[in-house]
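Student: I would like to go through the aromatic contacts of this structure. Can we take them one at a time?

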Amino acid sequence: MAHSTLRRSPYWSADDVDLDELVALIDRPTATADYPNARTIVDGIVVYDATAIDRDPESDARRDVLGEIAFALSDGPGIVVIRNGVAPDVLDRATAAFHTLIESERHSNHGGGDHFAKAGANDRVWNALEKLAVADPATFVDYYESEAVALASLAWLGPGYQITSQVNVVNPGGDSQSPHRDYHLGFMSEAQVARYPGHVHEMSSRLTLQGAVAHVDMPVETGPTKLLPHSQKYPLGFLAYRHPEVIELFETRFRQPGLTAGDTLFFNPAVFHAAGSNRTTDVRRMANLLQVSSPFGIAMESIDRARISRAVHPELLERRAAGWSSAAIGRVIAAAAQGYAFPTNLDFDPPIDGLAPTSQADLLHEAVFDGWSADRLDAALDAHAHRRHSH
């Protein structure tokens, strides 16, 4: 591999990859002093406890944690675990709902395909976000009220983020993946990646956050995600991860944090990672995989967020009446509705009181806090969608 410290061209090729540079980066230790609010650091991975984090969105203590997580994902190991991210009773309800969806799709011969595994090696539910909301709105609301999901998403992407999710069940005997990076550039061929200038390589990893909610206990023998701390810092990583030397390095240096049901894992999509082998004979390793997208990027899946908004609206009205805080409701709305006002047709949907038109999330927020009827929300969502169409 050629030495690549001095890159005169903004365009890189696989020949520019330098294994020594990557090794120098992953050799850097994770400094405990950088994460005073962490519960612990294990194998260079920063670990928090959701139950110990201040839930007041305006508190200095919570902002400090947001800053630490952002630093960890960018300049630290690139990986954060937040223990106790989803309450056990909520997790059980969501797990049951996901199993029902898996069985339904299996019998209908719909869904379940997986571009990262052999056919039949696992079970997958695409667009699990929308399907859970429609099948069980109450569980959706309780599940995505998760402080852990909101905290990591805000830390990396700021307000207006959009969640997509896919349930993945790796059955006993399921093989591990090859190391890779993720969406956007991580889903392209080497030739396609080389067509993008260097600054886009960096930008790609800042447009999404990868995450997972463990739905079963995941000791190492079940094959939880293998991760290479600090590898997100290597600029040429989207070109490097297919190289045999890099794959060999990954397999000798990866870390594999075990998770307990309800724990959440988040990492920079540029971290080299791979699902591990499920070496058990009786554990179906279920995780809800999250891709959280910047409002300035494009989400991985097509989601009918108006449908989700209609589905969860009655539940949110009940939670509001029961005394849920605006912050708690806001976390659910962030998962349910489109939080970004663009793209739109500005002839019919002009900015109101600012630089951007009303977003779908703004409508759902108003509907919940002003006590709209279902019919009123239906009409507002239809009108909003009509305004955004090109005429």
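**Aromatic rings and charges**

Tutor: This is a predicted model. In it, Arg319 places its charged end over the ring of Trp324, 5.2 Å from the ring centre.

Student: Which ring does the charged end of Lys226 sit over?

Tutor: A charge counts as over a ring if, among other conditions, it is within 6 Å of the ring centre. The charged end of Lys226 is 4.8 Å from the centre of the ring it sits over. That ring belongs to Phe254.

Student: How many aromatic pairs does a search of the whole structure find?

Tutor: Rings pair if their centres lie within 6.5 Å. Searching the whole structure on that basis gives a total of eight.

Student: Is the pair of Phe140 and Tyr144 stacked, tilted or edge-to-face?

Tutor: The centres are 4.9 Å apart and the planes make 45 degrees. Stacked needs under 30 degrees and edge-to-face over 60. Phe140 and Tyr144, both buried, therefore form a pair that is tilted.

Student: What is the geometry of Phe296 and Tyr340?

Tutor: Their ring centres are 5.9 Å apart. The planes meet at 85 degrees, so the pair is edge-to-face.

Student: How many residues apart are Phe296 and Tyr340?

Tutor: Phe296 lies in the loop between β10 (285–293) and α11 (305–321). Tyr340 lies in the loop between α12 (326–336) and α13 (360–369). The pair thus links distant parts of the chain, and the separation is 44 residues.

Student: Is Phe296 buried or exposed?

Tutor: Exposed requires over 50% relative accessible area. Phe296 has 64% relative accessibility, so Phe296 counts as exposed.

Key. Residues numbered from 1 in each chain as written. Predicted model: local features only at pLDDT ≥ 70, side-chain atom pairs only at ≥ 80, totals over all residues. Heavy atoms only, no water. Phe/Tyr/Trp six-rings, centres within 6.5 Å; stacked < 30°, edge-to-face > 60°. Buried < 20%, exposed > 50% of the residue type's maximum accessible area, 1.4 Å probe, protein only. Helix = DSSP H or I, 4+ residues; strand = E, 2+ residues; numbered from the N terminus. Lys NZ or Arg CZ within 6 Å of the ring centre and 35° of its normal.
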